[in-house]
Amino acid sequence: MEHMHEGHEGHEGHESHKVHENHRAHGVGGSVSWGTAARATLHCLTGCAIGEVLGMIIGTALGWGNLQTMILAIVLAFFFGYALTLRGILAAGVDLRTAIRVALAADTLSIAVMELIDNGVIALWPGAMDAHLSEPLFWIVLAIALAAAFVITTPVNKWMIGRGKGHAVVHRYHH
């Protein structure tokens, strides 16, 4: 009875079961591994770090103040975070409009939490806001801030993926 549909037109290989198994492997509709959540977080962290550092370099080069530089860094963190996700989705053959919607759904909360933690650490660390790119304090605090953002954002991503949100949405287009 279990294989009753084998050989019937339209039921070859039970593709819907394979899709369901792929979703379960990535935490959709079930428990999510910490490894899956960490990989999703690392993906977001990469885009955020690129944007943060680039924003700080540009702001410093232009002689901007801390607030303007931080705003630019946050905007670029979101831009590069979304861009990395878009690249993968577009490579899967998805149209641009759908890819943008998927990237926004997948990354917005993750990037927002990451930026809140990251910039919060930098803003609260004594002397960090005034440290120059050439000073070790700048790079040490940035590394600590990004590490804290990773540690705090990973459970957020685990929770979202477990509910079919966040990077679980992206995985639908990768498989």
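1. The expected span is 1.5 Å times one less than the number of residues. Helices here are DSSP runs of H or I with at least four residues, and strands are runs of E with at least two, numbered from the N terminus. This is a predicted model, in which local features need pLDDT of at least 70 and side-chain atom pairs count only at pLDDT 80 or more, while totals for chains, interfaces and linings use all residues. Residues are numbered from 1 along each chain as its sequence is written, and side-chain values use heavy atoms, with hydrogens and water left out.

2. α5 bends by about 30° at Thr-153, and Pro-155 follows within four residues. The bend is the angle between axes fitted to the seven residues ending at a residue and the seven starting there. Thr-153 and Thr-154 are among the buried residues of α5, as are Phe-138, Val-141, Leu-142 and Asn-157. Buried means under 20% relative accessible area, exposed over 50%, and partly exposed in between, with a 1.4 Å probe and protein chains only. After α5 comes Gly-164, with a positive phi near 75°.

3. The chain as a whole holds 6 helices and 0 strands, so that its elements read α-α-α-α-α-α from the N terminus on. Of its 175 residues, 37% are buried. Among contacts between residues at least 6 apart in sequence, 70% join residues at least 24 apart. Contact means heavy atoms within 4.5 Å.

4. Helix α2 (residues 34-61) has 28 residues and reaches 39 Å between its first and last C-alpha atoms, close to the 40 Å expected. For α3, 26 residues should span 38 Å and the end C-alpha atoms are 37 Å apart, which agrees. Glycines with positive phi follow these helices too: Gly-63 after α2, near 75°, and Gly-93 after α3, near 90°. The buried residues of α3 include Ala-73, Ala-77, Tyr-82 and Ile-89.

5. The largest nonpolar core has 27 residues, of which Met-56, Met-114, Ile-122 and Leu-142 touch the most other members. α2, α3 (66-91), α4 and α5 each supply at least two residues of this core, and α4 gives the most, with 8 residues. A nonpolar core is a set of buried Ala, Val, Leu, Ile, Met, Phe, Trp, Tyr and Cys residues joined through side-chain atoms within 4.5 Å. Not counting residues up to four places away in sequence, Leu-142 touches Val-53, Met-56, Asp-118 and Ile-122.

6. Glu-115, in helix α4 (residues 96-124), deserves a separate check. Glu-115 is buried yet has no salt bridge, and the nearest side chain of opposite charge, Arg-87, is 18 Å away. A salt bridge is a side-chain nitrogen of Lys or Arg within 4 Å of a carboxyl oxygen of Asp or Glu; Lys and Arg count as positive and Asp and Glu as negative, with His and the chain ends not counted. Leaving aside neighbours within four places in sequence, Glu-115 is in contact with Cys-48, Glu-52, Ala-73, Ile-74, Ala-77, Phe-78 and Gly-120.

7. Asn-157 lies in α5 and is buried, with a relative accessible area of 0%. Beyond residues up to four places away in sequence, Asn-157 touches Ala-37, Ala-40, Thr-41 and Ser-110. Ala-40 is found in α2 and counts as buried because its relative accessibility is 6%. The C-alpha atoms of Ala-40 and Thr-154 are separated by 7.9 Å, although the two residues are 114 apart along the chain.

8. Ile-50, also a residue of α2, is partly exposed, with a relative accessible area of 38%. Its C-alpha atom is separated by 9.6 Å from that of Phe-79, 29 residues apart along the chain.

9. Ala-131 is found in the loop between α4 and α5 and is buried, with a relative accessible area of 13%. Leaving aside neighbours within four places in sequence, Ala-131 is in contact with Leu-137 and Phe-138. The C-alpha atoms of Ala-131 and Val-141, 10 residues apart along the chain, are separated by 9.5 Å.
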